[in-house]
Every structure is written in structure tokens, then in C-alpha cells.
Amino acid sequence: MKNEEILEKLNNIHVQEFSLDDFSIQLQQIKEGFVKEDKQGQAKQIWIYQTIIEIHSLYKKAFELLQRQLFYDAWCHLERIEIAFQGLKKHFSFNKSQFYLWQIEKNVLNLQILYPYKLFGSSEILKKKKKCSVCDKEISIRSSCGHIVGEIYNGEMCHRIVTEAEVLGLSLVQNPGNKYSVMFLNDPETGKQKDQYSYDLIDFLFELIESPYELWDLEVSQREISTSDFINIKRNDSCPCGSGQKFKKCCLNKVGEKYPHYEFILKKPPRKALLNKTIKIPTANSS
Amino acid sequence: MQGLEITESKETFESWLAKGFVPEDLKDILSRASILIVPFENLRETPKPLFPIGTEDILRYFKENLPPGEIIDICISDEDYQEFAFYNDYKRLGNFVIKNVAIPVFVTIFSSYVYDKFINNDDSKPQIQIIDKSTRKEVNNHISTLTDKKYLEPTHITFTVTIVDSLGASKNIKYEGPAKGIDNVLQSLKKYEK
């Protein structure tokens with residue numbers, strides 16, 4: 001497969017149906033050939049192509065998981081996409097029209113905004129020994145093996161492998177290093193983990209879009225909670241935000257607070273005539 | 001400036017070299033450095049001195065970019081080097097002790113490291129603008145604040161720099177805040193330049 005053919009396929013990755021796995025396997029074989037001949041530049045180029053395919057593959061999977069309402073699994077895929085972008089951008093700058101990458105990055109961010117998660121577990125680890133993924137040498141702080149983390153050698157990204165570690169602690173944070181460790185509650189009746197979050201915003205979006213490559217965007221505006229938002233709600237009614245509290249002890253006290261209002265911008269008419277419906281989150285804290 | 005603290009300090013190169021974890025044969029080597037990366041002590045009750053994850057990368061970056069004659073080193077033996085990784089909130093860049101003559105070179109390299117590593121990456125991401133619905137104008141509020149989701153914030157960093165002058169007097173500069181504030185922070189170092 002020539003470079004032009006690879007590029008053509010990548011350029012049509014969002015419009016043509018073909019197996020991304022097979023495409024990546026083909027590229028792997030080409031890359032191995034380059035590595036054997038010590039053509040580091042070409043091997044790195046193939047790594048870039050494979051990372052683009054990986055991003056698409058993760059994105060399609062995340063979309064499918066969201067359609068099936070497997071929200072946490074989809075969240076983890078979105079996080080993996082973000083990490084893949086970080087690695088890719090060190091070696092490849094893309095514009096808005098290349099390989100649908102910009103749209104994926106924007107969609108991932110838009111979806112992360114819509115997720116209800118705010119609190120995460122964060123591990124505190126003492127790393128006693130580590131080695132290089134390229135040469136397998138133990139890392140010494142003064143005499144480095146010369147391989148730089150994040151660089152591409154033999155068509156693979158260099159990283160460190162921790163060989164001896166100790167957990168120092170766990171903490172709860174709002175801005176974790178990685179966002180996999182979402183905090184879920186335990187169901188006292190079953191003793192099992194339960195998902196206490198509301199995914200209304202994402203559900204609403206996925207009633208409107210059908211395919212991962214459908215163009216959509218999110219418009220965020222700032223609004224203020226006002227008494228006119230609750231015309232038919234009485235003080236002792238359940239709060240409409242779904243907190244389970246009485247209205248007088250919940251959103252009534254939040255009048256004047258700012259909150260985000262989301263509107264979905266679609267390029268094609270949705271299946272259902274839902275465009276005039278919007279969802280309002282009464283406060284940032286209760287969403 | 002928010003997040004910036006400047007205090008008097010008793011730390012010097014000599015006080016760090018006198019620490020029990022610095023072996024005798026290393027003291028002479030470290031005394032030649034004009035920039036020293038120093039560890040956190042008693043972190044989470046760990047008996048050994050520790051460095052934040054990423055120290056290896058910062059040390060390499062400085063070594064690659066320092067002009068001839070300027071030396072950076074790390075205040076620990078190879079055998080005792082250990083890192084901690086707190087995967088939360090701020091990117092911990094570490095603690096530095098520098099001679100005041102090395103301020104210009106430290107400022108240049110440290111600033112470019114923060115740009116290369118964090119700011120350029122943040123800037124390359126799609127941005128979310130918040131609009132006022134009635135005026136259609138952009139609102140000066142970040143999406144992370146409006147949604148109360150800190151993980152949407154641009155990268156925040158934390159580090160300390162202790163500047164030691166030729167008479168052995170020291171100032172400690174601590175910063176915790178957005179990576180984009182780096183230029184203003186480093187400007188505050190420049191007034192101790194001699």
C-alpha cells in the first residue's frame with residue numbers, strides 16, 4: 001500500500017465503510033518492514049496514521065456505547081481519545097478539515113461538558129523503579145538511556161514502565177490526571193455499585209443524532225435563575241431539578257445564580273421534531 | 001498576582017548539600033550547579049525525599065537548552081531517586097534552588113518548557129465560547145466555572161523557586177495557578193537578578 005493510498009483512505013475515513021482494524025493491521029505490517037530497514041521516519045509516519053485510526057475507532061465505539069446508554073464505558077473511551085490526541089499532537093498538527101480529527105476532538109469536549117461527573121478518585125503513587133519501554137533499561141536520573149517519553153522509536157511511542165511502586169493514598173479530586181475513576185455510590189440494598197447520575201442531556205442529544213460522523217455542535221449560553229422559571233411550582237413541591245428536596249430548600253434559594261444553557265446545533269434535520277425543546281439545568285451544583 | 005507567594009527563606013545551596021541524603025561524593029558535583037532541583041521531604045510521611053513525576057523530563061529539557069557554563073543538577077543520588085505521582089489538580093513541576101546569576105537563563109528555559117508542555121497543548125484544543133443569549137456577545141466566564149467542572153479548566157501548575165544571592169540571602173517564590181500565568185510569575189523573579 002502506497003502512502004497516497006493510505007492518505008486517500010484516511011481522508012475518507014468518515015464517509016467510507018471499511019474495517020478500521022484491518023486497515024491498522026495492514027499498516028502494522030508496513031511499519032514492521034520500515035523498522036526492519038531502520039527507516040525511522042517512515043515508521044513514525046505509519047504510527048501517526050495508526051493513531052488517527054485508533055482515535056476514529058475509539059470514537060465510533062464511544063458513540064455506539066452512548067447509543068446503548070452505557071455512559072461510564074463511553075466516558076472512558078472519550079478519555080482514551082483525549083489521551084491519544086495528546087500523544088498525536090506532539091508529532092502531527094492537523095487543521096479543521098483533516099481526517100475529521102478536529103470534529104472528533106470538539107465532539108469529545110462537547111460530550112465531556114454534557115456529562116454530569118464532577119468528582120473523581122485520584123491515586124497517589126510512589127514510583128520506586130521504572131524502565132524504558134524502548135530499551136528495557138532501568139531509568140537512572142543522571143545517566144538516561146536517551147529515549148524520550150512521548151517520542152516515537154521503531155514506530156512506537158516511548159513510555160516508562162513502573163516496575164516497583166507503592167500506593168501512598170487515594171484522594172477525591174475535581175480535576176484528576178485521568179478521568180477514569182468516577183465516583184459512584186453503593187446501593188445499600190444490593191451492596192453493588194449503582195450509577196446515581198442523570199444523563200438527560202446526553203440522552204436528549206442522542207435522540208437527535210444517528211451516526212458518529214453527523215455534524216453537530218454545542219452552543220453554551222449563560223443564564224440566570226429567576227422566579228419566573230418556576231411559575232407553577234409551590235414552595236413545598238418537590239424541586240424540579242430532581243434533587244429530591246423540597247423546592248423551598250433547593251432551587252428557590254438559587255434565584256440569581258448563573259447556570260449554563262445548552263443548545264444543540266445540527267446540520268441535518270433530526271429524526272424527531274425535537275428542535276424546539278431545550279433542557280435547562282437549574283444550577284451548576286445540582287446538575 | 002493571584003497564586004503567587006514571595007517569602008524570605010533560609011534555604012541555600014549549602015543547606016541542601018548538608019542534608020543527610022546527599023552523599024559526600026555528590027556534594028562537590030552539586031556545588032558546581034547554578035540550578036538545583038530539590039526534593040519534597042516528609043511527603044505523606046514518606047521517609048525518603050521525593051520528586052514529582054515529570055522531573056526526569058524537566059531535567060532533560062534544561063540540560064538540552066542550558067548554555068555552556070551553566071549547570072543544572074538534582075539534589076539526590078541516582079540510587080535514592082524516587083518519584084511521587086499525585087494524579088490531581090495541579091501539574092507539579094518541582095522545587096528549584098537557583099543562584100541569582102542564573103535567573104535569566106532559568107526564566108527563559110522554564111518559560112519555554114511550560115509553553116511547550118502545557119500552554120501550546122491547551123491552545124490547540126477546540127475552545128468553548130459562552131455567549132449572552134440576549135446580546136449574542138461572548139461572556140467573560142470560562143466553561144469550567146459556569147458548569148462547575150474543574151476538569152475543563154486549562155492546565156494549572158505549581159512550583160517553587162528559591163533564589164540565593166551572592167551573600168547567601170534567599171527568597172522563596174511559590175506559584176499555584178494557571179500555566180498561562182507563567183510569564184508574570186517569572187517576571188517577578190527578574191527583580192532579584194544581579
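Which strands, in what order, make up the open sheet with mixed pairing? The order is S8(A)-S7(A)-S7(B), an open sheet of 3 strands. The model described here is predicted.

Within chain A, S7(A) and S8(A) are joined by 9 bridges and run antiparallel. One example is Ser221(A), whose bridge partner in S8(A) is His261(A).

The pairing that crosses between the chains is parallel: S7(A) is joined by 2 bridges to S7 of chain B, residues 130-131. At this place Val220(A) stands opposite Ile130(B) in S7(B).

## Layout of chain A

Chain A has 6 helices and 8 strands. Read from the N terminus, its elements follow the order α-α-α-α-α-β-β-β-β-β-β-α-β-β. Along the principal axes, the C-alpha atoms of the chain fill a box of roughly 75 × 50 × 35 Å.

The domain assignment divides chain A into domain 1 (3-114), domain 2 (120-185) and domain 3 (215-280). Taken over C-alpha atoms, the centres of domain 2 and domain 3 of chain A are separated by 41 Å.

## The interface of chain A and chain B

The size of an interface is often given as the accessible area lost when the parts come together. For chain A and chain B, the area buried between them is about 4,400 Å², with 52% of it on carbon and sulfur atoms. On the side of chain A, the residues that lose the most area to chain B are Ile141(A), Arg142(A) and Asn175(A), which together make up 19% of what that side buries.

Counted by contact, 51 residues of chain A touch 47 residues of chain B. Polar contact across the interface is found for 19 residue pairs, both residues at pLDDT 80 or more. On the side of chain A, two or more residues each come from helix H4 (71-89), helix H5 (101-114), strand S1 (120-132), strand S4 (160-173), strand S7 (216-224) and strand S8 (258-266). S1(A) gives the most to this side, with 9 residues. By type, the residues of the side of chain A that touches chain B are 21 nonpolar, 14 polar and 16 charged.

## Salt bridges

How many salt bridges does a search of the whole structure find over all chains? The search finds 30. Across the interface of chain A and chain B, the rule finds 8 salt bridges.

A salt bridge joins Lys118(A) and Asp148(B), with a distance of 3.8 Å from N to O. Another links Glu124(A) to Arg44(B), where the closest N and O atoms are 2.6 Å apart. This pair crosses between chains: Glu124(A) is in strand S1 of chain A, while Arg44(B) is in the loop between strand S2 (35-38) and strand S3 (51-52) of chain B.

## Strand pairing within chain B

Strand S9 of chain B, residues 170-178, pairs with S1 of chain B, residues 4-9, through 6 bridges in the antiparallel sense. In this pairing Glu8(B) has Lys171(B) of S9(B) as its bridge partner.

S9(B) also pairs with strand S8 of chain B, residues 156-164; these strands are antiparallel and are joined by 9 bridges. Here Val161(B) has Ile173(B) in S9(B) as its bridge partner. S8(B) and S9(B) form a hairpin with 5 residues between the strands, and in this hairpin Gly168(B) takes a positive phi near 90°.

## Residues with positive phi

Most residues other than glycine have a negative phi. Where is Asp136(A) found? Asp136(A) is in the loop between S1 and strand S2 (152-153) of chain A. Although Asp136(A) is not a glycine, it has a positive phi of about 70°.

In chain B, Glu45(B) is not a glycine either, and has a positive phi of about 60°. Glu45(B) is placed in the loop between S2 and S3 of chain B. The loop between S2 and S3 of chain B also holds Arg44(B), the partner of Glu124(A) in the pair that crosses between chains.

Definitions and conventions: Residues numbered from 1 in each chain as written. Chains lettered and ligands numbered in written order. Predicted model: local features only at pLDDT ≥ 70, side-chain atom pairs only at ≥ 80, totals over all residues. Heavy atoms only, no water. Contact = heavy atoms within 4.5 Å. Buried area = accessible area lost by both parts, 1.4 Å probe. Salt bridge = Lys/Arg side-chain N within 4 Å of Asp/Glu carboxyl O. Polar contact = N/O pair within 3.5 Å; in protein donor to acceptor, adjacent residues only side chain to side chain. Helix = DSSP H or I, 4+ residues; strand = E, 2+ residues; numbered from the N terminus. Nonpolar A, V, L, I, M, F, W, Y, C, P; charged D, E, K, R; others polar. Pairing = 2+ DSSP bridges. Domains from an automatic or database assignment.
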